[in-house]
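Please find below a colleague's note on the model shown here.

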Amino acid sequence: VPNKNAFVHNISDKEGFANSMESLIKSTELRHKMGQDGEQFVQNRFSVNRLASDVRELYYSLLGNNKR
């Protein structure tokens with residue numbers, strides 16, 4: 001998520017990238033907050049429970065059975 005758990009820049013935006021890196025270097029709080037937000041993002045989207053739920057949903061959709 002831009003500016004929450006990552007900085008996003010166009011590949012040619014060297015100044016924007018440098019400014020973002022400077023912000024992280026200067027702010028321990030920002031580094032920790034973005035790191036925690038990034039970790040939560042990954043856990044929510046790529047956890048074993050999420051994968052199992054997605055596979056189950058796919059399985060039922062392929063069976064044509066909406067009962068869970």
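1. The model is predicted. Within it, Ser-20 is in contact with Phe-7 and His-9, leaving aside residues up to four places away in sequence. Ser-20 belongs to helix 1, and it counts as buried because its relative accessibility is 6%, under the 20% cut-off.

2. Helix 1 spans residues 14-26, 13 residues in total. From first C-alpha to last it reaches 18 Å, close to the 18 Å expected at 1.5 Å a residue.

3. Ser-20 is one of the buried residues of helix 1, together with Gly-16 and Leu-24. These residues cover an arc of only 75° around the axis, and therefore lie on the same side of helix 1. The buried residues of helix 1 pack against helix 2, which comprises residues 28-46.

4. The opposite face of helix 1, turned away from the buried side, carries exposed residues: Lys-14, Glu-15, Ile-25 and Lys-26. For Lys-26, the relative accessible area is 66%, so this residue passes the threshold of over 50% for exposed.

5. How many salt bridges does a search of the whole structure find? The search returns three, and they are taken in turn below.

6. Lys-26 is exposed, whereas Glu-22 is partly exposed at 37% relative accessibility.

7. In helix 2, Lys-33 and Asp-37 likewise lie four residues apart, about one turn of the helix. Their side chains meet in a salt bridge at 3.1 Å, N to O. Asp-37 counts as buried because its relative accessibility is 14%, a value under 20%.

8. The remaining salt bridge joins the side chains of Asp-54 and Arg-50, at 3.3 Å from N to O. Both residues belong to helix 3, residues 48-63, and are separated by four residues, about one turn of the helix. Asp-54 is partly exposed, with a relative accessible area of 36%, and Arg-50 is partly exposed as well, at 35%.

Methods:
Residues are numbered from 1 along each chain as its sequence is written. This is a predicted model: local features need pLDDT of at least 70, side-chain atom pairs count only at pLDDT 80 or more; totals for chains, interfaces and linings use all residues. Side-chain values use heavy atoms; hydrogens and water are left out. Helices (H or I, at least four residues) and strands (E, at least two) are DSSP runs, numbered from the N terminus. The expected span of a helix is 1.5 Å times one less than its number of residues. Buried means under 20% relative accessible area, exposed over 50%, partly exposed in between (1.4 Å probe, protein chains only). The arc is that of the directions from the helix axis to the C-beta atoms. Contact means heavy atoms within 4.5 Å. A salt bridge is a side-chain nitrogen of Lys or Arg within 4 Å of a carboxyl oxygen of Asp or Glu.
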